[in-house]
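Work through the exercises below with the sequence and the model open. Each task is followed by a solution in steps.

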Amino acid sequence: MKSVSLALAFALLASIASAASPIRIDNPWSRATAPGQVVGGGFMTIVNTANTTDRLVSAASPVAAEVQIHNTSMDGGVMRMRQLTDGLEIPANGKVELKPRSLHLMFMQLKAPLEAGASFPVQLQFEKAGTVTTQFTVEQR
Amino acid sequence: MSRSNRAAMLLAAAALTLTACSPPPPPFNASEVSGIAYGKDIGIADTSGQIRRIEDFKDQVTLVFFGFTRCPDVCPSTLMRLRQVRDALGEDASKLQVLLVSVDPERDTPDRLDAYVKNFDPSFIGLRPEPTELEKVVKAFHAIAVKVPTADGKDYTVDHSATIYVYDRGNQLRLIAQPDIAIDAFAADLRRLAQES
């Protein structure tokens, strides 16, 4: 009962926070990792409802020592992955999709394998909207 | 003209008509290649240390592609799709062998590489060239693998070819597929190769 009411309180707080924030995170998910695999990828759609551009500048999560923002590009059949050290711009009244073979979060030095069905929090730091915390679910896909 | 001659001519004409009318086999969905000896005679150790060559996978449709376990995006996507392709093959799945060649043997220990590929399908095999052999292996497939330092300079990632090399049951390179090929389309290609005599 206690945990239920705590969860309710948390959900309420989360909804209040998200109601106030112009940033919305849709469908955050992470791919399940194998034992010994030290990195994982995170995907989501970042929606900016504000009339000004914003920027995702950093991210953090208790599951990883570090979270980086990456872009994968395919160039003549060659996969290239680069860290976006200047962050990721989110257009005003627009959205940016982080998806496989494209933009993604990279969870570095995972502390434990990400198991399908589990979920974990990720704190996203935006230049204007501040901190947005979202819950990533781990999926085997 | 004798009756038998006439019959023979009619038969020949019928055969010609048949040949002319039967459509050529439809193209494969992936790019078709022939007479290209990529990867031929190259032996690479699997995660138990046994040297494997394409030619060892007799009667199997063999897929080869490059990747590494610190690749969080394209490599798992490809492995997951190949798992789905394998599932779509049904009874022909047993004729499919997937080989992932590590482009990061220094960090991909045999155990780590094995767990990584088997996380997607227990039939998948990880191959791990010795670090000193990597360049030779990559060249044998006319592929690319380049170490690139990360932005903070403390680490590195590996840019690498993401194409999938498809060998038929006679161990000849037949198709080159891009990693985003549709699952149904790729499964149809592989089913055709699996059912070739």
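In chain A, residues 24 or more positions apart account for 67% of the contacts with a separation of 6 or more, where contact means heavy atoms within 4.5 Å. This is a predicted model, in which local features need pLDDT of at least 70 and side-chain atom pairs count only at pLDDT 80 or more, while totals for chains, interfaces and linings use all residues. Residues are numbered from 1 along each chain as its sequence is written, chains are lettered from A and ligands numbered from 1 in the order in which they are written, and side-chain values use heavy atoms, with hydrogens and water left out.

**Exercise 1. The two chains**

Task: State how many helices and strands there are in chain B, and what pattern chain A follows along the sequence.

Solution.
Step 1. Helices (H or I, at least four residues) and strands (E, at least two) are DSSP runs, numbered from the N terminus.
Step 2. Chain B has five helices and ten strands.
Step 3. Chain A has one helix and ten strands, and its pattern along the sequence is α-β-β-β-β-β-β-β-β-β-β.
Step 4. Buried means under 20% relative accessible area, exposed over 50%, and partly exposed in between (1.4 Å probe, protein chains only). Of the 141 residues of chain A, 44% are buried; in chain B, buried residues make up 50% of the 197 residues.
Step 5. For chain B, 70% of the contacts with a separation of 6 or more come from residues 24 or more positions apart.

**Exercise 2. Helix H2 of chain B**

Task: Find how far helix H2 of chain B reaches and which of its residues are buried.

Solution.
Step 1. H2(B) covers residues 74–88, which is 15 residues. The expected span of a helix is 1.5 Å times one less than its number of residues.
Step 2. From first C-alpha to last, H2(B) reaches 21 Å, close to the 21 Å expected.
Step 3. The buried residues of H2(B) are Val74(B), Cys75(B), Pro76(B), Ser77(B), Thr78(B), Leu79(B), Met80(B), Arg81(B), Leu82(B), Val85(B) and Arg86(B).
Step 4. Because eleven of the 15 residues are buried, H2(B) is largely enclosed by the rest of the structure.
Step 5. After H2(B) comes Gly90(B), with a positive phi near 60 degrees.

**Exercise 3. H2 against H5**

Task: Describe how H2(B) and helix H5 of chain B pack, starting from the angle.

Solution.
Step 1. H5(B) spans residues 183–195. With 13 residues, H5(B) reaches 18 Å from its first C-alpha to its last, close to the 18 Å expected.
Step 2. The two helices pack at about 55 degrees, with their axes 9 Å apart. Axes are lines fitted to C-alpha atoms, for helices over the stretch in contact, and angles run from 0 to 180 degrees between N-to-C directions.
Step 3. Angles under 35 degrees count as roughly parallel, over 145 as roughly antiparallel, 65 to 115 as roughly perpendicular and the rest as oblique. H2(B) and H5(B) are therefore oblique to each other.
Step 4. On the H2(B) side, Arg81(B), Leu82(B), Gln84(B), Val85(B) and Ala88(B) meet Ile183(B), Phe186(B), Ala187(B), Leu190(B) and Arg191(B) of H5(B). By class, this contact has seven nonpolar, one polar and two charged residues. Ala, Val, Leu, Ile, Met, Phe, Trp, Tyr, Cys and Pro count as nonpolar, Asp, Glu, Lys and Arg as charged, and the others, Gly among them, as polar.
Step 5. The buried residues of H5(B), including Phe186(B), Leu190(B) and Leu193(B), pack against H2 and strands S4 (61–67), S5 (96–102), S9 (164–167) and S10 (173–177) of chain B.

**Exercise 4. Single residues**

Task: Is Ser21(A) buried or exposed, and which residues does Lys118(B) touch, not counting residues up to four places away in sequence?

Solution.
Step 1. Ser21(A) sits in the loop between helix H1 (2–20) and strand S1 (23–31) of chain A. Its relative accessible area is 17%, so Ser21(A) is buried.
Step 2. Not counting residues up to four places away in sequence, Ser21(A) touches Ala129(A) and Val132(A).
Step 3. Lys118(B) belongs to helix H3 (residues 110–118) of chain B and is partly exposed, at 34% relative accessibility.
Step 4. With the exclusion stated in the task, Lys118(B) touches Phe124(B) and Ile125(B).
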